[in-house]
Structures are given as structure tokens and as C-alpha cells.
Amino acid sequence: MKSLFDTVSRKCAKTVTKSYSTSFASATKMLSPLIRQDIYNIYGFVRFADEIVDSFHDYDKPVLFNRFEEDLKNALVDKISLNPILNAFQETVHKYDIKHHLIDAFMKSMRLDLSKSEYLTDQEYKEYIYGSADVVGLMCLTVFVNGDKDRYEELKESAMSLGSAFQKVNFLRDLKADFEGLSRTYFPNTNLLELDEASKKRIIDEIEDDFRKGLSGIHKLPIEAKFGVYTAYRYYKKLLTKLKRVPSAEIKNSRIRVPDYVKVSLLARSYVKYRLNLI
């Protein structure tokens, strides 16, 4: 029965989320059950695409990516895929009428990771960020507002800013893995071999501006989404705070993380603010 396959597909998307990102999975658990599965479905899709370009070094990545993209196109047209992750994702796309141009922009940025290793201009950098992060925020926002077009337009810019902030924090945290392991550098006009405090401050100031814009939108989110998104926001803000304390000369030599006990504390404090209607 198709319903059984759909159930299996949803479970696969949830398993992918929990396996690849305990932090994102924890934040997603704070969402209303009405929308939680759909965020798992979106994450499963973006994670699999990202894994192809970032991790499968012993395989022909372009061939795998082309195959994945073709399967995605077929899933969106046929409303079914034998790839359970794509089957779960297409279900969410059709349920909320997620715009295909968002999906296309995401796949375009992922494809760039197959061949492009350096972003030399602000325009290149912004286009990559838009496709790799902003549109993911917009996919999630489509779910959060449940088809309310006016609310979507109101919150669109803040959702993109929050997606940008999360992605840029990841870039800063993963400098070592991206630069040494994948020979990639995303920040334009920045010499990662000699990263100085001025360059680091410029990057962090940019991220903090994105966070400020993103937080303004979190306050206006529907109740079903607000606590979960705020939890993710607090986690990434804490990660940025830790990165600020690391000397620029050392930031590319280690991967900063937030300990589990700190995550629990952040969750508890976020919940108190949520219950007191302070978010």
C-alpha cells in the first residue's frame, strides 16, 4: 500500500535528521506535531543533496548528483519516488505548494560545490548563500505559515536572514574542513591562510546583522513554529559567541561545538521565555 510506503519514507526523513544533526533534530522536536514531519522531510532532502557534493569522495559525484536531480524532477511530477527521502520531500512540496524556483536555486548552489572552490566577489557569495541557505529558510517558512501568502511575504526577508546567519556560522565553524578537506573558501576578500582579527570581525558583524533581522521575524511566527525556530536561533547564537572568543589564528585549526549540557540549558531558558510570552 502506498500509505505504508509513505509512512516508511517519513520515518527515513526523521532518521536522517536525527543522525546528521542532533541540534537541528532537537529544535525540530520543539515544533508543533502538525508541522514537525514536514520539516524533517525538507531537512532529509537538503542533507542528501549536500552529502553527495561534500562526502562521497570515492564515487563519481557529478554522476550521483545528476541522478539525484533527475529523480527529484520525476518525484515532483509523479508525486512518488522509490527514493524514500525524495518521496517524503515531494509530499511536503505538494502539501504546501512549495515553489519550484526555491528548489531549483538550492540545487544550483549544491551543483556549484562540485566544481567551484572559491567565491571572489560579494555577488557570487550572496548568490551561493541564497541558494544554499535562504531558500531552505523559505521552504520552512512556507510550512510554518501554512499557505498564508500575506504572512509569508511579511516574514520572507527575516526568514532569509536567519537562513543566511545559520549558514555563515557553519562556514566559520567549518573553515578547517572546508579549506583543508574540500579546498573551498566561501568568504570573499578573505585570506584564510592568514585570517586576521579584522577579517574575522567583519564576518561576525555580518552574521550578527543577519541574526538581528532574523529575530524580528521569529517574534511574528505562528505559535506552531515559534519555539522551535527560537531554539535553533539560540543554539546558533551561542555557537557564534564561542567563535568570537577563538583567536583568528586558531579558528581554522579547530571545530567549535556547543556541549550537550549547554544545549539543554539553552533549551530550558528558551522554553521559559516562550511560556512567559517573551519571544
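Me: Relative accessible area sorts residues into buried (under 20%), exposed (over 50%) and partly exposed (in between), with a 1.4 Å probe and protein chains only. Why is cysteine 140 called buried?

Reply: Cysteine 140 has 11% relative accessibility, so the residue counts as buried. The model is predicted: local features need pLDDT of at least 70, side-chain atom pairs count only at pLDDT 80 or more, and totals for chains, interfaces and linings use all residues. Residues are numbered from 1 along each chain as its sequence is written, and side-chain values use heavy atoms, leaving out hydrogens and water.

Me: What makes cysteine 12 partly exposed?

Reply: The relative accessibility of cysteine 12 is 28%, so this residue counts as partly exposed.

Me: Which residues of H6 are buried, and what covers them?

Reply: The buried ones are Leu102, Ile103, Ala105, Phe106, Met107, Ser109 and Met110. Their cover includes H3, H4 (61-78), H5 (84-96), H7 (122-145) and H8 (149-173).

Me: Why is glutamate 51 called buried, and what does this residue touch?

Reply: Glutamate 51 belongs to helix H3, residues 33-55, and has a relative accessible area of 10%, so it is buried. Contact means heavy atoms within 4.5 Å. Leaving aside residues up to four places away in sequence, glutamate 51 touches Tyr20 and Phe56. A network of salt bridges also links Glu51 with Arg47 and Asp50.

Me: What makes lysine 99 and aspartate 97 a salt bridge?

Reply: The term requires a side-chain nitrogen of Lys or Arg within 4 Å of a carboxyl oxygen of Asp or Glu. For lysine 99 and aspartate 97 the N to O distance is 2.8 Å. Lysine 99 is partly exposed at 39%, and aspartate 97 is partly exposed at 46%. The whole structure holds 15 salt bridges.

Me: What does the salt bridge between glutamate 154 and lysine 220 tie together?

Reply: The closest N and O atoms of glutamate 154 and lysine 220 are 4.0 Å apart. Glutamate 154 is in helix H8 and lysine 220 in the loop between H10 (197-218) and H11 (223-245), so the pair ties together parts 66 residues apart in sequence. Glutamate 154 is partly exposed at 49%, as is lysine 220 at 44%.

Me: How far apart in helix H10 are lysine 201 and aspartate 205?

Reply: Lysine 201 and aspartate 205 are four residues apart, which means about one helical turn. Their side chains meet in a salt bridge of 2.7 Å, N to O. Lysine 201 is exposed at 52%, whereas aspartate 205 is partly exposed at 33%.

Definitions and conventions:
Helix = DSSP H or I, 4+ residues; strand = E, 2+ residues; numbered from the N terminus.
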